[in-house]
Amino acid sequence: MKVRYLFLMMTVLVLPLLLVPAVVDAKDSMKLKSGAKGKLCLECHEGFREKLKKSHVHTPLAEGECTGCHNPHTSSHELLMAAEPKDICYQCHERMVPEGAASAHQVVVDGQCTTCHDPHAADNRMNLIRSGSELCYGCHEELGRKVSDSKFQHSPVKKDCLKCHNPHASSEHPALLVKSVPELCKTCHQTDKTTFKNLHANYPVDQADCTSCHDTHGSSQAAMLYDNVHQPVSKGMCKQCHAAPDAAEPLKLKQAGYESCQGCHYDMVTDTLNLKRIHWPVVDGKGCLNCHTPHASATGSLLLKPQKALCAGCHTDTMARQERSSTKHPPIDEGNCTACHAPHGSNNQFIMTRASVMDVCGDCHDWQTHSSHPIGEKVVDPRNKNSTVQCLSCHRSHGTEHKHFLYFATTNELCIQCHAGYRR
């Protein structure tokens with residue numbers, strides 16, 4: 001018993017001494033001499049001496065720990081990085097996209113930290129490569145131009161996008177917003193003021209989505225309304241569609257669906273309802289509001305989004321096919337679906353703008369010079385006696401993986417679908 005006790009005590013005393021070299025080795029596996037982790041690096045990389053003079057220096061560099069990120073000998077990664085850049089950052093910094101985030105910045109998801117941050121030193125806080133909104137406009141160039149060209153500019157946008165957006169991810173809100181709308185807007189705008197209420201015809205808009213009328217980044221319209229304003233809004237005729245401001249539910253529409261729009265757009269609605277084929281969003285419970293905003297829009301015809309993105313909301317498979325297509329069909333690629341389809345309804349198949357597919361294609365293509373192959377209403381498709389040979393017999397209008405949106409990789413494969421006698 002005494003022997004066992006003695007052995008146990010010796011183990012407890014000796015084991016820590018045995019572990020010390022292992023700990024030291026783990027901390028400095030390359031056994032670098034003093035100063036070799038960073039100080040020695042500056043003898044060759046003299047430019048970094050200037051970096052060290054900047055107001056914000058990355059902690060590893062400030063502490064002379066270059067080997068925390070770089071391998072001093074060799075690496076499978078560019079710039080002798082010790083690992084993938086995003087993995088290096090996450091050794092010290094917690095992952096910036098929380099699990100189940102409502103929205104996330106794509107550059108963060110892709111681990112491109114150096115798109116915004118200088119990994120060594122910068123003149124801006126958080127080692128940002130530029131300050132304020134200018135950093136964001138480096139990628140969001142179109143938005144930057146829009147803000148610059150706007151007659152009425154939103155003050156927070158001019159100063160710093162981070163007033164409203166989280167640069168990495170938002171746990172609960174879309175578009176990287178730090179708060180939901182209208183709560184975010186109310187951090188600056190006092191909705192209980194008389195002036196605010198008068199400007200909104202005494203409707204309780206403090207409970208509504210401010211972005212249904214106002215362009216938060218700037219506009220050429222007064223009050224930063226979107227560039228395209230619905231006439232009842234521009235004339236302050238809210239009661240045209242909504243109940244009175246003192247009603248129990250003042251923001252509720254007087255009528256649902258297309259009936260709400262029919263009072264002003266009577267001819268369009270009536271003509272649409274008399275068509276043989278109606279685009280289903282027109283007649284469901286939401287009606288016109290499936291595609292149009294009732295207040296104001298940055299897009300023509302008061303569309304909720306640019307046409308390509310709007311149509312893709314329902315026709316996901318069609319747009320995905322176009323993206324995969326070897327040859328892009330310009331009307332789709334440019335977001336002009338209405339070049340071929342009537343958005344409200346039509347008497348034609350697939351709500352086409354014309355009864356004949358050849359006439360639709362002929363608006364852009366001179367098909368008569370395209371081929372000497374018989375084509376038209378009098379030419380029966382041998383694969384289906386109920387069909388005629390027309391443009392879509394050989395081409396798929398929304399694209400294929402083959403050139404010129406052909407159904408097959410080669411002309412030979414296409415032709416023998418009808419001319420079976422030539423199969424080899």
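Q: What makes a run of residues a helix or a strand here?
A: Both are DSSP runs, numbered from the N terminus: a helix is H or I over at least four residues, and a strand is E over at least two. By that rule the chain has 18 helices and 10 strands. This is a predicted model, in which local features need pLDDT of at least 70 and side-chain atom pairs count only at pLDDT 80 or more, while totals for chains, interfaces and linings use all residues. Residues are numbered from 1 along each chain as its sequence is written, and side-chain values use heavy atoms, with hydrogens and water left out.

Q: Where does Asp-160 sit, and is it buried or exposed?
A: Asp-160 is in the loop between helix H8 (155–159) and strand E4 (169–170). Buried means under 20% relative accessible area, exposed means over 50%, and partly exposed is in between (1.4 Å probe, protein chains only). Asp-160 comes out at 19%, so it is buried.

Q: Which residues does Asp-160 touch, leaving aside neighbours within four places in sequence?
A: Arg-125, Gly-132 and Ser-133 are in contact with Asp-160, where contact means heavy atoms within 4.5 Å.

Q: How many disulfides are there, and how do you know?
A: A disulfide is a pair of cysteine sulfur atoms within 2.5 Å. The count by this rule is 0. Take Cys-291: the nearest cysteine sulfur, that of Cys-314, is 7.0 Å away, so Cys-291 is in no disulfide. Likewise, the nearest cysteine sulfur to Cys-415 is that of Cys-394, at 7.3 Å, and Cys-415 is in no disulfide.

Q: Why are Cys-291 and Cys-415 called partly exposed?
A: Cys-291 has 22% relative accessibility, so it falls in the middle class. Cys-415 has 37%, so it falls there too.

Q: What makes the peptide bond between Val-181 and Pro-182 stand out?
A: The bond joining Val-181 and Pro-182 is cis, with omega at about 15 degrees. Most peptide bonds are trans, and most residues other than glycine have a negative phi. Pro-182 is in the loop between E4 and helix H9 (194–199).

Q: Which residues have a positive phi although they are not glycine, and are they buried or exposed?
A: Met-126 is one of them, with a phi of about 60 degrees. Met-126 belongs to the loop between strand E3 (121–122) and helix H6 (132–137), and 58% relative accessibility makes it exposed. Leu-302 is another, with a phi of about 55 degrees. Leu-302 belongs to the loop between strand E7 (296–297) and helix H14 (307–312), and at 15% relative accessibility it counts as buried.

Q: How do you know that the buried residues of helix H15 line one face?
A: In H15 (residues 316–324) the buried residues are Thr-318, Met-319, Arg-321 and Gln-322. Down the helix axis they fall within an arc of 155 degrees, so they line one face of H15; the arc is that of the directions from the helix axis to the C-beta atoms. The buried residues of H15 pack against H14 and helix H16 (330–333). Exposed Asp-317 and Arg-324 are on the face turned away from the buried side.

Q: What does the radius of gyration say against the globule rule?
A: The radius is taken over C-alpha atoms, and the rule is 2.2 Å times the number of residues to the power 0.38. A compact globule of 424 residues would come near 22 Å, but the chain has 32 Å. The C-alpha trace spans about 100 × 80 × 60 Å along its principal axes.
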